Amino acid sequence: METFELIVNFENLPCNFPYILVRCLFFTILVQPYILFPLLASQKFFIEIILKTPLTTVAAFNSLSHTNSQIFPQGAKMSMHKSTSSSSLGPGGLDLTQAFFKPISNADPPSPTKRHTKITVVGVGNVGMAIAQTILTQDLADELALVDAKADKLRGEMLDLQHAAAFLPRTKIQASLDYDITAGSDLCIITAGARQIPGESRLNLIQRNLSLFKSIVPPLAKYSPECILLIVSNPVDVLTYVAWKLSRFPANRVIGSGTNLDSSRFRFLIADHLDVNAQDVQAYIVGEHGDSSVALWSSISVGGVPVLSFLKRQQIVYEKETLANIHKEVVEGAYEVIRLKGYTSWAIGYSVASLVRTILRDQRKIHPVSVLAKGFYDIDGGDVFLSLPAQLGRSGVLGVTNVHLTDEEAQQLRNSAKAILEVQRELAF
Ligand SMILES: NC(=O)c1ccc[n+]([C@@H]2O[C@H](COP(=O)([O-])OP(=O)(O)OC[C@H]3O[C@@H](n4cnc5c(N)ncnc54)[C@H](O)[C@@H]3O)[C@@H](O)[C@H]2O)c1
């Protein structure tokens, strides 16, 4: 529009030499290409550029060099909408997709060649971003929506990921403070969590996380009523129960990442001990993701060989203490990483990505994850979520594996359930 006004003004200028020179220059630089190019290519495309380029280019440069609040002083929500797609140049921007390609003759309208997959990650802290980047590198989503409560951090993380587009499988990455951006997600992963304040009780932390979940779960459920909820925030078992209650989803669609990570640590340590590949070790940690977790020694196998019964048959003596120490290392593994680097991120990123792949690609693999465990192994006392080896697929939890537990292991599992239920009962819902 401004360009158009400029042309009109030039028409009204007096006809002395300097103005003639300026007019010639103006014609050569600006007007001539617009006369020639339409002859060579699509008229619509170049006429749009003539009319809109000055304005949209300025907007684009502004968006690169200014913070959101400078562009959209009216509010953070608006500014985050502006940042949801780096390809959008804002209101009135060019729709280059229409102009760039012409349909071939005699063609049907384009149809999707595969099912579109959308994943939401709530919380773009250390864990959320490790999950997001693993999802991107493993090509697990067509669309990734990020939500957090901190506008600048959120926009920064979104742009940082978008700038890697040339090196990654194509994924549309968006971010917003508003949950409408999550609409139509297949899977919503919650990693948002309050951190423990020094001196704060565990229960108080849980109570704070409960309030946080009250602001997260209902909007996710509203915008993606068919999605699967995958909870990562701690204490993961209690918060998975909370998410189940708040969402009112069927239990098969609410899953906690649970001891999938603990079991990976367990497999790594056993593999290290036996000098084999961790992927050849079948071993589960079940129960609470935390101190009362249970190591299922009786079902460990390496390359299909049950380890404990093999050792017994070969009359190889093993110290029970060695086993206890390995389990202790699993439980304390997270604390050690947090002590050393401040947080855990890479292992949980890969752990969650493995769950995402199994669920969205309907792999029907078995993972130890937090599921509604009432009724299994005589667990009673109420609705409780804890980890059991569960088969996962496109509809969430397909079933729980009937793995054999010794009497001691089953009792430990029930104790774990009791510990979680005690915390749950104290929650002011
Ligand atoms: N289940 C597991 O195996 C496992 C492993 C590691 C960490 N975790 C848990 O994951 C959670 C995240 O850990 P982290 O290291 O990423 O923490 P972090 O502090 O780095 O990130 C938390 C993020 O949540 C965001 N947030 C806070 N309130 C929010 C709200 N109301 N809405 C949206 N976002 C909000 C914060 O802004 C922050 O970006 C913690 O609860 C941690 O204990 C779980």
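Predicted model: local features only at pLDDT ≥ 70, side-chain atom pairs only at ≥ 80, totals over all residues.
Strands E12 and E13 pair in the antiparallel sense over 7 bridges. Strand E12 covers residues 366-372, and strand E13 covers residues 385-393. As a general point, strands of a sheet pair through backbone hydrogen bonds, either parallel or antiparallel.

I turn now to another set of strands. An open sheet is formed by 3 strands in the order E7-E10-E11, with antiparallel pairing. Strand E7, at 281-282, and strand E11, at 305-306, stand at the edges; each has a single partner strand, and therefore one side of each is left without a neighbour in the sheet. Strand E10, residues 301-302, pairs with E11 in the antiparallel sense over 2 bridges. In that pairing, Ser301 stands opposite Pro306 in E11.

Helix H7, residues 126-137, and helix H14, residues 346-360, have axes that come within 8 Å and cross at roughly 50 degrees. Because of that angle, H7 is oblique to H14. The crossing of these two helices is right-handed. On the H7 side, the contact is made by Val127, Ala130, Ile131, Gln133, Thr134 and Ile135. From H14 come Trp346, Ile348, Gly349, Tyr350, Val352, Ala353 and Val356. Sorted by class, this contact of H7 with H14 has 10 nonpolar and 3 polar residues, and no charged ones.

At what angle do helices H10 and H15 pack? The angle is about 55 degrees, and their axes are 10 Å apart. H10 is therefore oblique to H15. Helix H10 comprises residues 236-247, and helix H15 residues 407-426. The crossing of H10 and H15 is right-handed. Asp237, Val238 and Tyr241 of H10 meet Ile420, Val423 and Gln424 of H15 in this contact. By class, the contact of H10 with H15 has 4 nonpolar residues, 1 polar and 1 charged.

Conventions: Residues numbered from 1 in each chain as written. Axes fitted to C-alpha atoms, helices over the stretch in contact; angles between N-to-C directions. Helix = DSSP H or I, 4+ residues; strand = E, 2+ residues; numbered from the N terminus. Parallel < 35°, antiparallel > 145°, perpendicular 65-115°, else oblique. Left-handed = near helix turned anticlockwise from the far one by under 90°. Contact = placed C-beta atoms within 7 Å. Nonpolar A, V, L, I, M, F, W, Y, C, P; charged D, E, K, R; others polar. Pairing = 2+ DSSP bridges. Buried ≥ 20, exposed ≤ 12 C-beta atoms within 10 Å, placed from the backbone.
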